[in-house]
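Dear colleague,

I am passing on the structure we talked about, and below it you will find my notes on what turned up in it. Please keep it open while you read, so that you can look up each place as it comes.

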Amino acid sequence: MSESVPPGEHRTVLLRGGDVHSPADPFATAMVVERGHIAWVGSEGAADAFASGVDEVVDLEGALVTPAFVDAHVHTTATGLALSGLDLSDARSLAEAAERIRAYAAARPADRILIGHGWDAARWPGQRPPLRAELDELTGGRPLYLTRIDVHSAVVTTALLDLVPGVRAMSGFRDGEPLTGDAHHAVRSAAYAAVSTEQRAGAQRLALRHAASLGIGTVHECAGPEISSEDDFTGLLKTAAEGHGPRVVGYWADTDVERAHALGAAGAAGDLFADGSLGSHTACLHEPYADAAHSGVAHLDAAVVAAHVTACTEAGIQAGFHAIGDHAISKVVEGVRAAADVLGLAGVRAARHRVEHAEMLTPETIAAFAELGLTASVQPAFDAAWGGDTGMYAQRLGIERARTLNPYAALLRAGVPLAFGSDSPVTPLDPWGTVRAAAFHHTPEHRISVRAAFTAHTRGGWRAIGRDDAGTLVPGAPADYAIWRTGELVVQAPDDRVARWSTDPRSGTPGLPDLTPGTALPVCLRTVVFGQTVYMRPNE
């Protein structure tokens with residue numbers, strides 16, 4: 001099984017007295033859930049007819065009910081370890097990071113290997129990562145694995161290098177610089193091998209509980225042999241299936257399609273690396289970086305992509321690739337098109353293959369995504385974190401190229417399916433923040449309406465796994481929903497004329513929370529998955 005559903009006894013529940021975000025009735029205030037599915041959506045007056053025949057009546061007290069979010073790209077164990085351990089994502093300087101590292105090492109004397117995440121030297125004065133000698137001193141000479149915020153490079157101590165025979169001869173090892181490539185993968189394997197089964201399961205449960213507390217009902221786990229381990233992946237699917245939390249849909253990034261299927265993956269997809277990341281200078285570009293004398297690293301060519309897409313399509317599972325740079329994306333497109341030439345376009349489109357991140361698109365590759373039926377699994381928080389004329393993207397690419405990144409409006413206009421995620425722990429689990437980031441993109445022409453962004457983060461995640469029957473609150477759909485405390489509901493769109501008409505009651509457009517930057521985001525009161533409550537806000 002690639003998808004977990006929490007067990008439990010189903011009750012018939014009437015929710016009333018709020019706002020129900022449903023295309024079935026834009027003015028709905030009530031909803032009935034029965035046997036894990038939406039049974040009815042409608043008005044307060046009509047709800048009276050159901051009140052006597054249900055097991056529970058929930059008075060919403062004016063709260064908003066929406067479909068539960070789907071985070072389409074998560075690394076669950078790493079998220080849990082970051083939540084419970086050394087997280088440097090908000091460190092404002094190298095000195096602050098150093099003090100946190102020293103304190104963390106001192107507080108955990110029994111850990112065989114120290115693991116941390118999130119440093120981002122691009123944001124620090126001096127823009128320098130920690131040096132190995134500094135880390136050796138801060139940790140007292142103990143093994144430390146510390147990933148950059150994009151998780152595509154890491155700094156480590158000498159003691160950890162000494163645990164990995166031959167690492168200094170591997171690609172991606174440059175003395176005095178963060179590790180990338182094979183050297184990074186080797187030390188990551190050594191670091192995570194030191195995490196016990198109990199620690200790993202605890203981190204996974206913590207991450208899933210945190211997701212549920214944010215109104216996330218489903219996560220797409222993006223695992224693989226270069227990211228985690230088979231035991232980590234199968235353990236997560238087992239934990240999710242036995243527990244009481246969000247659904248987990250698993251992807252295993254491996255060209256061994258039979259192995260991915262045997263592990264219970266929905267696809268041999270996710271972070272099957274065509275390239276790396278912009279922050280680590282490893283995303284593969286057509287032209288060199290603005291701040292480095294090279295154009296990144298290519299991990300797959302079009303022939304490998306074509307063979308993988310062919311094998312997955314014939315096996316009836318999804319293929320998918322991590323591709324960020326324009327060169328990497330063009331090679332993925334070239335390979336998928338080659339597979340379509342052999343198998344037929346209809347078969348490839350029906351498989352709904354995916355491209356993760358897909359940041360550096362061109363009009364030509366956007367058109368190819370639409371033609372080939374590729375889903376763009378993207379992370380709007382990347383633009384919020386690193387976009388803009390003074391952000392990391394502009395440092396790496398120059399302002400003009402940086403302004404072309406993450407063109408969500410162009411993807412939607414072309415008919416490319418969008419699925420939103422976080423890539424947590426790269427950026428935090430934060431669904432409303434993600435919707436806001438897409439609606440208020442640094443580059444105005446790339447902005448989309450809040451409604452379109454919300455759809456990409458709910459129904460879009462379901463469509464990305466081949467399900468068209470979920471992600472909306474309509475009769476017959478799975479009862480995956482969240483209840484929110486929020487302010488006035490509005491309709492926000494990049495075009496003011498559209499926004500003004502959409503807020504007119506005559507338009508029949510259901511509203512969503514005001515996500516204008518600076519306004520408070522909605523607070524999750526309850527999250528329900530397949531009719532089962534997986535999160536209740538304390539004291540509510």
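Two strands are taken as a pair if DSSP finds at least two bridges between them. Please bear in mind that this is a predicted model.

With that in mind, strand β3 (residues 30-34) and strand β4 (residues 37-42) run antiparallel and are joined by five bridges, and V32 has W40 in β4 as its bridge partner. Two residues lie between the strands of this hairpin, where R35 takes a positive phi near 50°.

Leaving aside residues up to four places away in sequence, L411 touches L361, I366, A376, V416 and L418.

How do helices α2 and α7 cross? The axes of α2 (residues 76-84) and α7 (residues 197-213) come within 7 Å and cross at roughly 85°; because angles of 65 to 115 degrees count as roughly perpendicular, α2 is roughly perpendicular to α7. On the α2 side the contact includes T76, L81 and L83, while R200, L206 and H210 are among the residues they meet in α7. By class, this contact has six nonpolar, seven polar and one charged residues.

Terms used:
Residues are numbered from 1 along each chain as its sequence is written. This is a predicted model: local features need pLDDT of at least 70, side-chain atom pairs count only at pLDDT 80 or more; totals for chains, interfaces and linings use all residues. Side-chain values use heavy atoms; hydrogens and water are left out. Helices (H or I, at least four residues) and strands (E, at least two) are DSSP runs, numbered from the N terminus. Contact means heavy atoms within 4.5 Å. Axes are lines fitted to C-alpha atoms, for helices over the stretch in contact, and angles run from 0 to 180 degrees between N-to-C directions. Angles under 35 degrees count as roughly parallel, over 145 as roughly antiparallel, 65 to 115 as roughly perpendicular and the rest as oblique. Ala, Val, Leu, Ile, Met, Phe, Trp, Tyr, Cys and Pro count as nonpolar, Asp, Glu, Lys and Arg as charged, and the others, Gly among them, as polar.
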